[in-house]
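Please consider the structure shown below.

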Amino acid sequence: MFPGCFGNDCPYWGYTKALDGIKTGTKSLAHTSFGVNPYLQFDLGSVQGTLDAVVMVVRTDCCLERSTNLNLYLSNTTSIQSVTAFATRVSASALGETLTVAVPDGLAGRYLTCLLYTSDA
């Protein structure tokens, strides 16, 4: 579905695992390694202005803390330094939870970034 993935350690498990539709099991997930503000970034291939929502399924086996304080960005550049997140501090409350985050009307971009906020550093 998405042609590329970038990030400060992407792919750690492989971005295709984030997009394969499999929602259970320890080998059907994607995540970054540990660090300050790790992120996954997906290249949507072209500017997308018709995204209604971003849907994320939290892994079922562990690591709930890796699904808390997520910031989501949609931009036309791989840099998120000057882009305001369209969703901040998105957090799961349970393993296996499905998080659906609405994309504001009129927001368009080519790159979708999911950043695990850990520090202002």
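The charged end of R89 lies over the ring of Y117, at 3.8 Å from the ring centre. A charge counts as sitting over a ring if NZ of Lys or CZ of Arg is within 6 Å of the ring centre and within 35 degrees of the ring normal. Aromatic pairs number 0 in the structure; such a pair requires rings of Phe, Tyr or Trp (its six-membered ring) with centres within 6.5 Å.

This is a predicted model, in which local features need pLDDT of at least 70, side-chain atom pairs count only at pLDDT 80 or more, and totals for chains, interfaces and linings use all residues. Residues are numbered from 1 along each chain as its sequence is written, and side-chain values use heavy atoms, with hydrogens and water left out.

The chain contains 0 helices and 7 strands, and its elements follow the order β-β-β-β-β-β-β from the N terminus. Helices (H or I, at least four residues) and strands (E, at least two) are DSSP runs, numbered from the N terminus.

Strand β3 (residues 53-57) runs antiparallel to β6, and 5 bridges join them; two strands pair if DSSP finds at least two bridges between them. Within this pairing, V57 has T98 of β6 as its bridge partner. Strand β6 (residues 98-102) shows a covered face formed by L99 and V101, while T98, T100 and A102 form the uncovered one.

R59 belongs to the loop between β3 and β4 (70-75). R59 counts as buried because its relative accessibility is 19%, where buried means under 20% relative accessible area, exposed over 50%, and partly exposed in between (1.4 Å probe, protein chains only). Although R59 and E97 are 38 residues apart in sequence, their C-alpha atoms are 7.9 Å apart in space.

Of the 121 residues in the chain, 38% are buried. Contacts (heavy atoms within 4.5 Å) between residues at least 6 apart in sequence join residues at least 24 apart in 70% of cases.

Confidence is expressed as pLDDT, the predictor's confidence in each residue, from 0 to 100. The chain averages 78, and 74% of the residues score at least 70. Among the strands, β1 (residues 4-6) has the lowest mean, 49, and β6 the highest, 92.

| Segment | pLDDT | Contacts beyond four places in sequence |
|---|---|---|
| Residues 1-5 | under 50 | 18 contacts |
| Residues 7-12 | under 50 | 13 contacts |

Methods:
Rings of Phe, Tyr and Trp (its six-membered ring) pair if their centres lie within 6.5 Å; planes under 30 degrees apart count as stacked, over 60 as edge-to-face and the rest as tilted.
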